[in-house]
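The model is a predicted one.

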Amino acid sequence: NVLALIDQKEYKPAVAMLEEFMEMFPDNSQVPMIPDWIKEIKDIEPKQRFKEAEQMAQEGNLFEAVLEYSRIAENYPESQWGQKANEKVEILKKKTEERQAKKDFFEALQLTKKRKFIDAAQKYQNIIDHYPDTFWAAKSEEHLTKLKERQNRLQSSHENPQDQRSDEDKLQSLKKEWMNI
């Protein structure tokens, strides 16, 4: 019985049974409706899994949600749920990239405050390289440019003995620069 198989979540055997029925009884009055039934049965499992993935995403388990959406898209490419899952994967990937880029950006800021300029520059560059389409990549570009400009000024002041400012003046100038970064 097809309904019993569906109740037991045995969808493939239920579909096979309906397909066999169509072959054995092509003139039966139910045959024209069977393709629609098969489509509905084939949508039960991906729809359920899609809802589970949505629940994961709502609970903040984005990585697990992306994995489940990816499996749905891979296993049910012809289903509307497989296509929707593909869209969700792209949205969540973007979201997770933004989150990671933001986290890395604030780590780079902390490194700058601790005067670990090389580490900060590397962190900014990493954001630019790995998350180029994020808001945080653009901000990292700005901060990296400021770090490079600062480094160039420091190098030129060391190389230029004509700079007659006192060490105290130079220190005050640098402090002002760093307050703006």
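I started with the pair formed by helix 5 (residues 80–113) and helix 6 (residues 117–130). Their axes come within 8 Å and cross at roughly 165°. Angles over 145 degrees count as roughly antiparallel, so I put helix 5 and helix 6 down as roughly antiparallel to each other. I noted the handedness of the crossing of helix 5 and helix 6 as left-handed.

Next I listed who makes the contact. Helix 5 contributes A101, D104, F105, E107, A108, L109, L111 and T112. From helix 6 come F117, D119, A120, K123, Y124, N126 and I127. I sorted the residues of this contact by type and got 9 nonpolar, 2 polar and 4 charged.

Then I turned to the cores. Which residues touch the most other members of the largest nonpolar core? I found F105, Y124, I127 and L147, in a core of 16 residues. Helix 5, helix 6 and helix 7 (135–159) are the elements that each give two or more residues to this core. Helix 6 supplies the largest share, 6 residues.

Setting aside neighbours within four places in sequence, I127 is in contact with A101, D104, F105, P132, W136, A137 and S140.

Last, I logged another core, lying apart from the largest one. This other core has 13 residues, including V66, Y76, A85 and L92.

How values were computed. Residues are numbered from 1 along each chain as its sequence is written. This is a predicted model: local features need pLDDT of at least 70, side-chain atom pairs count only at pLDDT 80 or more; totals for chains, interfaces and linings use all residues. Side-chain values use heavy atoms; hydrogens and water are left out. Axes are lines fitted to C-alpha atoms, for helices over the stretch in contact, and angles run from 0 to 180 degrees between N-to-C directions. Helices (H or I, at least four residues) and strands (E, at least two) are DSSP runs, numbered from the N terminus. Angles under 35 degrees count as roughly parallel, over 145 as roughly antiparallel, 65 to 115 as roughly perpendicular and the rest as oblique. A crossing is left-handed if the near helix is turned anticlockwise from the far one by less than a right angle, and right-handed if clockwise. Contact means heavy atoms within 4.5 Å. Ala, Val, Leu, Ile, Met, Phe, Trp, Tyr, Cys and Pro count as nonpolar, Asp, Glu, Lys and Arg as charged, and the others, Gly among them, as polar. A nonpolar core is a set of buried Ala, Val, Leu, Ile, Met, Phe, Trp, Tyr and Cys residues joined through side-chain atoms within 4.5 Å. Buried means under 20% relative accessible area, exposed over 50%, partly exposed in between (1.4 Å probe, protein chains only).
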